[in-house]
Amino acid sequence: MNFQKTYTPADANLTGFASNVTGAAFTLTATTSGDSLAHQVSIRNDSATDHSGKTVTLVGTDHLGRALTEVVTAPGTSATVESTGYFLTLTSATPSATIGADTFDIGWVDEFVTPAIPMNWRGGVGSLLVTITGTISVDLQSSNTDINGTTTEPSWLVDSAANTAFTASQWCTFNATPRFIRIKANSYSSGATVKLEYAQAND
């Protein structure tokens, strides 16, 4: 199996999905970040009112295109909260109660996961070159779950310490070839890219 893939994340944008939503129903102005990556969603409280006693239900899809729903505690005074899930699309954000005349901003942050990349796990261990440009910190994650046969998020692991939070280009190795891999970004700056180049000797 051989492939090359390059990912260029969109700049973090705290108003990317909606700016100044208010009242009891939020209207989104965008449903994706436009970069084909799944980002954590941010909700920023523009007011001095503490809304942390409320929740916001986020509905969309995950990095595999499956339905994803998460209930996030609303932000406190002039605060920003983030989802734990990574949303490829966000189709609605619904507050548990009105925020009155106050306003929230909804966007995405500088953390993402790529789509899952299927591997020829029966074909032997190959060589993966991860080329980084700009400023970005990433983990190379792998899974042995048959993603196509499950509707729940699989377990993603980091194969070795060398594949955790690296910020420069490097060759990555696996103890064994997993079924799927993906890149998880811990943070990045504008203009950063990640390129994956993989080759198996018997392909």
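Is Phe 26 buried or exposed? In this predicted model, Phe 26 is buried, with a relative accessible area of 10%; buried means under 20% relative accessible area, exposed over 50%, and partly exposed in between, with a 1.4 Å probe and protein chains only. Residues are numbered from 1 along each chain as its sequence is written, and side-chain values use heavy atoms, with hydrogens and water left out. Local features need pLDDT of at least 70 and side-chain atom pairs count only at pLDDT 80 or more, whereas totals for chains, interfaces and linings use all residues.

The protein chain contains 0 helices and 15 strands. Helices (H or I, at least four residues) and strands (E, at least two) are DSSP runs, numbered from the N terminus. Taken along the principal axes, the C-alpha atoms of the protein chain fill a box of roughly 65 × 35 × 25 Å. Of the 203 residues in the protein chain, 49% are buried. Among contacts in the protein chain with a separation of 6 or more, 81% are accounted for by residues 24 or more positions apart; contact means heavy atoms within 4.5 Å.

Phe 26 is placed in the loop between strand E2 (13-22) and strand E3 (38-45). Leaving aside neighbours within four places in sequence, Phe 26 is in contact with Val 21, Val 56, Ala 93, Pro 95, Ile 99, Phe 104 and Ile 106. The C-alpha atoms of Phe 26 and Thr 61 are separated by 18 Å, the two residues being 35 residues apart along the chain.

An open sheet is formed by 3 strands in the order E5-E4-E7, with antiparallel pairing. Strand E5 (67-73) and strand E7 (89-95) each have a single partner strand and stand at the edges, so one side of each is left without a neighbour in the sheet. Neighbouring strands of this sheet are turned by 20° against each other on average, direction ignored; axes are lines fitted to C-alpha atoms, for helices over the stretch in contact, and angles run from 0 to 180 degrees between N-to-C directions. Two strands pair if DSSP finds at least two bridges between them. Strand E4 (residues 55-61) pairs with E7 in the antiparallel sense over 6 bridges, and Val 59 has Ser 92 in E7 as its bridge partner. Strands of a sheet pair through backbone hydrogen bonds, either parallel or antiparallel.

Salt bridges were considered next. A search of the whole structure finds 4 salt bridges, each defined as a side-chain nitrogen of Lys or Arg within 4 Å of a carboxyl oxygen of Asp or Glu. Arg 66 forms one with Asp 62, with the closest N and O atoms 3.0 Å apart. Arg 66 is buried at a relative accessible area of 16%, and Asp 62 is buried at 7%. The side chains of Asp 46 and Arg 44 also meet in a salt bridge (3.7 Å, N to O); Asp 46 is partly exposed, with a relative accessible area of 34%, and Arg 44 counts as partly exposed at 28% relative accessibility. A further salt bridge joins the side chains of Lys 195 and Glu 197 (4.0 Å, N to O). Lys 195 counts as partly exposed at 28% relative accessibility, as does Glu 197 at 24%. Salt bridges that share partners join Arg 44, Asp 46 and Asp 105 into one network.

The search of the whole structure also finds 4 aromatic pairs. Rings of Phe, Tyr and Trp (its six-membered ring) pair if their centres lie within 6.5 Å; planes under 30 degrees apart count as stacked, over 60 as edge-to-face and the rest as tilted. The rings of Phe 3 and Tyr 198 have centres 5.4 Å apart and planes at 25°, so the pair is stacked. Phe 3 lies in strand E1 (residues 2-7) and Tyr 198 in strand E15 (residues 193-199), so the pair ties together parts that are 195 residues apart in sequence. Both Phe 3 and Tyr 198 are buried. For Phe 112 and Tyr 188, the ring centres are 5.6 Å apart and the planes stand at 65°, so the pair is edge-to-face. This pair links distant parts of the chain, with Phe 112 in strand E8 (residues 103-113) and Tyr 188 in strand E14 (residues 180-188), 76 residues apart. Phe 112 and Tyr 188 are both buried.

The charged end of Lys 5 sits over the ring of Phe 3, 5.9 Å from its centre. A charge sits over a ring if NZ of Lys or CZ of Arg is within 6 Å of the ring centre and within 35 degrees of the ring normal.
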